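Thanks for coming, everyone. I have one structure to show today, so please bring it up on your screens.

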Amino acid sequence: MNDRISRAPQLPSRIASLVAEAIAEGRWKLGERLPAEQALADSYGVSRNVVREAISRLRADGLVQSRQGVGAFVARAQGTGVLRFDAELLSDRATFGNVFELRAILEIQTAGLAAERRSDADLAAIAHAYERMVRESEGAAGGVDADLDFHRAVARSTGNAQIAAVVSFLSDQIRETILATRARPGSFVGRIIEVTLAEHAVIHKAISSGSAEAAKDAMTVHIRNAASRIGYTLAI
């Protein structure tokens with residue numbers, strides 16, 4: 001297979017489209033694991049970062065599912081009928097602000113439910129995601145992915161698969177903006193990471209305590225501050 005393409009703007013979107021087309025054509029079947037990131041990068045003539053972002057977009061569209069330490073698997077044969085936000089629309093400040101507001105409404109209540117329903121296994125998953133955040137805080141992409149995995153783990157702790165699916169979807173939608181924020185040059189980025197880790201530690205502690213109100217308060221502070229760090233003010 002040789003699908004190399006020339007360098008151009010919006011490469012992740014183009015690679016995502018090519019992979020989606022290949023899935024629709026049956027090159028990779030439902031439930032089949034996609035080639036490793038490096039193999040796809042070599043095939044399309046792009047970097048692993050571009051492939052990683054493309055896979056993230058396909059995951060947001062529901063076409064693939066990622067399994068930590070294993071890889072990405074085909075979840076749907078085609079992308080029709082899947083909830084999605086157009087990438088160009090998300091570049092609009094007002095639209096992105098609306099998405100962040102939706103995230104706040106959902107995740108604050110999610111934290112409360114997680115505190116009431118979490119199991120020991122759920123707490124272990126949240127703790128593992130937080131530990132990854134600490135370990136990978138110096139790497140922009142790895143740190144952001146660990147951050148969003150933390151939120152997915154909290155959502156799964158509710159025991160509600162639909163909540164978990166929507167939180168995962170929203171996490172994928174905002175990934176690139178968070179990544180761009182952390183990738184900015186300057187000493188303030190280190191401070192952002194330090195504060196973000198502290199906020200997540202409070203959320204983890206509140207959920208562990210079983211206090212729904214404490215968990216919702218901790219998530220409210222985090223989401224409000226996260227929005228502020230990228231230039232938005234949320235009325236929550």
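First, the ground rules. This is a predicted model, where local features need pLDDT of at least 70 and side-chain atom pairs count only at pLDDT 80 or more, while totals for chains, interfaces and linings use all residues. Residues are numbered from 1 along each chain as its sequence is written, and side-chain values use heavy atoms, with hydrogens and water left out.

Now the fold. The protein has ten helices and two strands. Helices here are DSSP runs of H or I with at least four residues, strands are runs of E with at least two, and numbering starts at the N terminus. Read from the N terminus, the order is α-α-α-β-β-α-α-α-α-α-α-α.

How much of the protein is buried? Of its 236 residues, 45% count as buried. Buried means under 20% relative accessible area, exposed means over 50%, and partly exposed is in between, with a 1.4 Å probe and protein chains only. The accessible surface comes to about 11600 Å², and 52% of that belongs to carbon and sulfur atoms. Those areas come from the Shrake-Rupley method with a 1.4 Å probe; for residues, only the protein chains shown count as cover.

Next, contacts, meaning heavy atoms within 4.5 Å. Take the contacts between residues at least 6 apart in sequence: 67% of them join residues at least 24 apart.

On to the largest pocket. Its volume is about 1300 Å³. A pocket is found on a 1 Å grid over the protein atoms alone: it is an open set of points where a 1.4 Å probe fits, with protein on both sides within 12 Å along at least five of seven lines, and lining residues have an atom within 4 Å of a point. Grid points are joined across faces, edges and corners, and the volume is the space filled by probe spheres set on the points.

Which residues sit closest to the centre of the largest pocket? Of the 45 lining residues, they are Arg59, Ser66, Arg67, Asp149 and Arg152. Several elements give two or more residues to the lining, including α3 (48–60), β1 (64–67) and α8 (161–182). Helix α7 gives the most, with eight residues. By class, the lining has 21 nonpolar, ten polar and 14 charged residues. In this count, Ala, Val, Leu, Ile, Met, Phe, Trp, Tyr, Cys and Pro are nonpolar, Asp, Glu, Lys and Arg are charged, and the others, Gly among them, are polar.

Now salt bridges. Side chains of opposite charge can pair when their charged atoms come close. The cut-off: a side-chain nitrogen of Lys or Arg within 4 Å of a carboxyl oxygen of Asp or Glu. The structure holds eight salt bridges.

Asp149 and Arg152 meet in a salt bridge at 2.6 Å, N to O. They are three residues apart in helix α7, about one helical turn. Asp149 is partly exposed, at 23%. Arg152 is buried, at 9%.

Arg48 and Glu37 meet at 3.2 Å, N to O. Arg48 lies in helix α3 and Glu37 in helix α2, so the pair ties together parts eleven residues apart in sequence. Arg48 is partly exposed at 39%, and Glu37 is partly exposed at 24%.

Arg103 and Glu107 meet at 2.7 Å, N to O. Both lie in helix α5 (residues 93–117), four residues apart. Are they buried or exposed? Arg103 is buried, at 2%, and Glu107 is buried, at 3%.

Helix α5 also holds Gly97. Gly97 is buried, at 14%. Leaving out residues up to four places away in sequence, Gly97 touches Tyr232 and Leu234. Gly97 and Leu234 are 137 residues apart in sequence, yet 8.2 Å apart in space, C-alpha to C-alpha.

Last stop: two histidines. His200 is buried, at 0%. Beyond its neighbours within four places in sequence, His200 has contacts that include Tyr130, Asp147 and His222. His204 is buried, at 19%. With the neighbours within four places again set aside, His204 contacts Leu123, Ile126, Ala127 and Phe150.

That's the tour. Questions, please.
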